[in-house]
Amino acid sequence: MLSIKNLHASIGDKEILKGINLEVNAGEIHAIMGPNGAGKSTLSAIIAGNENYKVTEGEIFLDGEDISELAPEERAHKGVFLSFQYPVEIPGVSVTNFMRTAINETRKANKLEEMPANEMLKVIREKSELLEIDRKFLSRSLNEGFSGGEKKRNEIFQMAMLEPKLAILDETDSGLDIDALRIVANGVNKLKSDKNAIIVITHYQRLLDYIVPDFVHVLYNGKIVKSGGKELAYELEEKGYDWIKAEN
Amino acid sequence: MELKEKLLSSFMAFEEQIDVHSELHDVRTSAIKNFENKGFPTKKEESWKYTSLNAILKNDFTVFPKNENSIEFKDVKKYFIHEIDTYKIVFIDGVFSSFLSSTTHEGIDVCLMSLALYKPKYKMVIDNYFNKIASKDESLTSLNTAFANEGAYINVPKSTVVRKPIEIMYFSTGNEAALMVQPRNLIIVGENSHVQIIERHQSLNETRANGELSEANPVLTNSVTEIFAQKRAIVDYYKIQNDGLEANLIDNTYVSQKQESNVSVNTFSFGGNLTRNNLNFYHFGERIVSNLNGITIIGEKQHVDHYTLVQHSTPNCESHQDYKGIYSDRSTGVFNGKIFVEKVAQKTNAFQKSNNILLSDKATINAKPQLEIFADDVKCSHGCTVGQLDETAMFYMQSRGIPKKEAKALLMYAFSNALIESIKIPELKQRITKIIAMKLGVKMGFDL
């Protein structure tokens, strides 16, 4: 589904990604771990199309199509979703209205009719229950005054609404207490199918107890330096990132 | 002939044409003298530093409006809050349209200024209020006073809640040759009374919508509004300035507030070639609240200048100024906010904010707070920001499938949202939101 080939990227003069290769197939969960500054968030931002970064070399394919030149919204329309580490507050636009706009724009791009209002409400109800989100919450301004946990839960709620092909969860566990973590992970697991794929970006192994990856990659200094199964996450937890740093 | 000379010579003809009582004649005569001495303001004056009338004054304006232009209600329905019943005072190119209006004398007076000025029945009110708070020094106000004849007259007696909003509508067709109009509004709101008023300046030739150059003739409106809020009166005043590119508006508004009154003036500046808002608040009593809000969204070569004054002359009062502007293309904005706190005005709370977004490198904003504080126990603050749209927020929305243009619009909507939320008439709020969406060139993906 996602195929990244020799991806180099920089911000300003600084090269951050130095040749990333990654293959993600439908039905798989990949975890990308690594120390601070390794380029994890950069990688997720670039897959989603953040224009602040410049891709200097390499390609990103989604289902065989090179998406590296597409605008963020065009990638979203093709099924790419990025859950933000720091979701943005948008005062004056309610969660519901924001979702309605996002869904209908995506449908429009895919030449579908707008979703009828009653169906929209039904889906919203279903998905909010999945994430144990209070209905009142949905009429509040997007992320405004939300706690860290609420923001993250709201990100996964949006993921549930948009049903992406490829979801990238950037440090979704940061700022979550254990209960919220369980709810979020549970939601993600329920959304998982053999038709979609998930990339989990995280610092710690903790989240991977709940969202169990098929593959774990270690990103260090702009490159994937190690790949393995879920046991790699435990090894990292045990030995720490110094182990990776020493080897590279 | 220069416009000034033309106006001065027209004054004689104007005075002869209508039969006025001597008090009014005196007021007009001294006003025209002041204008004659001072003339039109120029950029040499500190208060007009950023706004030049030169180019506009070169037009050969007709200073007396001609006959009523016939317009059918269905053609202008969308400019009214037509979902609900309202009082209406409608002018087309400066001439009252009785056909489109819906005035009243039942319980309250919502009618024509000319009626109040010349009918003996209203003489006492006119003697007590007309030109009593408007400046006798400012030349454009004087010019208006000299020619004051037509506009809206609203008198709400004490302890009256006016159930229906009052719409004062100034349409310009641009059909006639270059036209100068000088509306004069007088609004008196009695003790414990409450009224909601919408004043809209609207060109009917919406050439801008399709981006074509305007074919319409230039218009210059020099308007003066006096608002008197008696004890504990509540006045919600909304100004919608949505003219075409050929229209110029100078709006001089003077608000006089008595003890415990609460007056809000919300100015939505979305159009026109040049717009200058002189908004002045004067306090005569304690525990007064004054709110001055503004949203400005302009582009092309449009120019909007907000020049505000809050004169705190009494203790324990508060004023809040909140102006937001979004400027694109080569548009220019000015915010000059003056707060004057006199020595006796202890315990004053006076706040001022001006937040601006520039969407183009060629757009300009000049913001200038002017605080003169002579009392020592006050809370005053001012703040100004100029920025671009938050890129992270843009990326966030785009990553959810919302295209750039819509994302931009949503962000700008969010930016002005706090002020939109303060609109107390739901139908008006919806209308303003729609105008904003139109200005931003998007259909909001939802009803707001």
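Visitor: How many bridges join strand β11 of chain A to β12(A), and do they run parallel or antiparallel?
Guide: Five bridges join β11 (residues 215-220) to β12(A), and the two strands run antiparallel. Strands here are DSSP runs of E, at least two residues long, and helices are runs of H or I of at least four, both numbered from the N terminus. Two strands pair if DSSP finds at least two bridges between them.

Visitor: What is the bridge partner of Val216(A) in β12(A)?
Guide: Gly228(A) is the partner of Val216(A).

Visitor: Before going on, what kind of model is this?
Guide: This is a predicted model, in which local features need pLDDT of at least 70, side-chain atom pairs count only at pLDDT 80 or more, and totals for chains, interfaces and linings use all residues. Residues are numbered from 1 along each chain as its sequence is written, while chains are lettered from A and ligands numbered from 1 in the order in which they are written.

Visitor: Back to the sheet. What is the strand order?
Guide: The order is β6-β9-β10-β3-β11-β12 in chain A, an open sheet of six strands with mixed pairing. β6 (80-83) and β12 (223-228) of chain A are at the edges with a single partner strand each, so one side of each has no neighbour in the sheet. From one strand to the next the twist averages 20 degrees.

Visitor: Which strands does helix α5 of chain A lie across?
Guide: Helix α5 (residues 148-162) lies across β6 and β9 (166-170) of chain A, at about 170 degrees to β6(A). Axes are lines fitted to C-alpha atoms, for helices over the stretch in contact, and angles run from 0 to 180 degrees between N-to-C directions. Contact is counted when C-beta atoms, placed from the backbone, lie within 7 Å.

Visitor: At roughly what angle do α3 and α5(A) cross?
Guide: The axes of α3 (residues 95-109) of chain A and α5(A) cross at roughly 35 degrees and come within 10 Å. Among the contact residues are Met99(A) and Ile103(A) of α3(A), and Gln158(A) and Leu162(A) of α5(A).

Visitor: Now chain B. How many residues of chain A are in contact with it?
Guide: 24 residues of chain A are in contact with 18 residues of chain B.

Visitor: Which element of chain A gives the most to that side?
Guide: α3(A) does, with seven residues. α2 (72-77), β7 (90-94), α3 and α5 of chain A each supply at least two.

Visitor: What ipTM does the predictor give the complex?
Guide: The ipTM is 0.95, and the pTM is 0.84.

Terms used: Contact = placed C-beta atoms within 7 Å.
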